[in-house]
Amino acid sequence: CLLMPPPRSDYEGVVVLGVSRSGTTLMRRLLDAHPDIAAPAETYALSAAAKFLEARQLGSGAEFGALRGLHLAGFEEDDVVGRLRDFAFSFHRDYARRAGKPLWAEKTATDIFHLDGVERLCGNRVRYVVMLRDGLDVAPSLLELVDEVGGYFEELHRFAREEHRPLVAMGNAWQAATLAGLDLARRRPDAALVIRYEALVRDPSATLDALAGFLDVERPDDWAKAALRAPSSAGFGDWKTWETRALHTQSVGRHRRLPKAALAQLVDAIGPTLELAGYERPNVDRHRGEGGRKRAERAMQLAVLRAEPQD
């Protein structure tokens, strides 16, 4: 049988938060490569458990949901949350036990959109790693993900319903996730560490030093190399990172290849959050971006003239 290391007394798991394409899978691979941490591919366990706790509201304002129903059946909220926590955590605990590691890590990109419920479940039992990436780079990458998988997953679909411009919709999703992550780090500085994707790929040594210090674990000498060469299970939407064998900056600044008009719309939508998150809010040459719209307007006017009956 495996000789299990003693469990941690201060925390038992790491929850990686961040919208898809912000470096969460890369972080999961790094954590899983650590000798003390077992990090499976997306389990959706915390997101699913958080949804169980969510209440729905009727037009009258009355709320209904599992917590309300179970309360009427005589079950107190703390009891329900505790049982649900033990259920969700049990899978991660068993996974870590099979790997012979004292800590587990959870990375599912939808968790950030259910943060209230995730926090209620986890309490002080986990530490959070919040992944940030420039929203101007994340939004087009999210559209690429949507195209690859053939549709929006539920949490992104909400933003697509509210905003007809797909790139801006994905920017809004980044904005919501980023604000939630920054708020968590502000409220719980001892339990949440913000890591920028750009810092991780540009200066992995310093970033991994900070990560190891935050998690209070030894820092392996070849941590990044081990993570990128180690075999592991790939989860939903993970294929981009599995093409990577070394950390690189090729995806940093990809928004510079966007059409000017599209970039201007995206900057208008998420500009304040970019600045709040510490990213540059570029000045876009809007005159160059207006060319496509004006050509479309002229083409429409010409089509209307051609369709008019001639005397």
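Two strands are taken as paired if DSSP finds at least two bridges between them. Helices (H or I, at least four residues) and strands (E, at least two) are DSSP runs, numbered from the N terminus. The structure is a predicted model, in which local features need pLDDT of at least 70 and side-chain atom pairs count only at pLDDT 80 or more, whereas totals for chains, interfaces and linings use all residues. Residues are numbered from 1 along each chain as its sequence is written, and side-chain values use heavy atoms, with hydrogens and water left out.

An open sheet of five strands is present, with the order S2-S5-S1-S6-S7 and parallel pairing. Strand S2 (37-38) and strand S7 (192-196) each have a single partner strand and stand at the edges, so one side of each is left without a neighbour in the sheet. S2 is joined to S5 by two bridges, and these strands run parallel; Ile37 stands opposite Leu103 in S5.

Strand S1 (residues 13-17) is joined to strand S5 (residues 103-107) by four bridges, again in parallel. In this pairing Val15 stands opposite Glu106 of S5, and the bridge partner of Val16 is Lys107. S1 also pairs with strand S6 (residues 126-132), in the parallel sense and over five bridges. Here Val14 is opposite Arg127, and Leu17 is opposite Val130.

Five of the five residues of S1 are buried, so the strand is largely enclosed by the rest of the structure. In a regular strand the side chains alternate between the two faces of the sheet. In S1, Gly13, Val15 and Leu17 point one way, Val14 and Val16 point the other way, and all are buried. S5 is likewise mostly covered, with five of its five residues buried. Leu103, Ala105 and Lys107 lie on one side of S5 and Trp104 and Glu106 on the other, and both faces are covered.

Phe64 and Glu54 are 10 residues apart in sequence, and their C-alpha atoms are 9.0 Å apart in space.

Among the helices, H1 (residues 24-32) is mostly covered, with nine of its nine residues buried. Helix H4 (residues 77-99) has 23 residues and, at 1.5 Å a residue, should span 33 Å; its end C-alpha atoms are 33 Å apart, which agrees. The expected span is 1.5 Å times one less than the number of residues. H4 bends by about 30 degrees at Phe89, the bend being the angle between axes fitted to the seven residues ending there and the seven starting there. Buried residues of H4 include Val81, Leu84, Arg85, Ala88, Phe89 and His92.

Grid points are joined across faces, edges and corners, and a volume is the space filled by probe spheres set on the points. One cavity of 30 Å³ or more is held by the structure, and the largest cavity has a volume of about 60 Å³. Of the 13 residues lining the largest cavity, Gly18, Val19, Met131, Leu132 and Thr178 are the closest to its centre. S6 and helix H8 (166-187) are the elements that give two or more residues to this lining, and H8 gives the most, with four. By class, the lining has eight nonpolar, four polar and one charged residues.

The second largest pocket has a volume of about 310 Å³. Its lining comprises 17 residues, of which Asp134, His255, Arg256, Glu280 and Pro282 lie nearest the centre. Helix H6 (135-149), helix H9 (197-202) and helix H13 (260-276) each give two or more residues to the lining of this pocket. That lining divides into six nonpolar, three polar and eight charged residues.

Conventions: Buried means under 20% relative accessible area, exposed over 50%, partly exposed in between (1.4 Å probe, protein chains only). On a 1 Å grid over the protein atoms alone, a cavity is a set of points where a 1.4 Å probe fits but cannot get out, and a pocket is an open set with protein on both sides within 12 Å along at least five of seven lines; lining residues have an atom within 4 Å of a point. Ala, Val, Leu, Ile, Met, Phe, Trp, Tyr, Cys and Pro count as nonpolar, Asp, Glu, Lys and Arg as charged, and the others, Gly among them, as polar.
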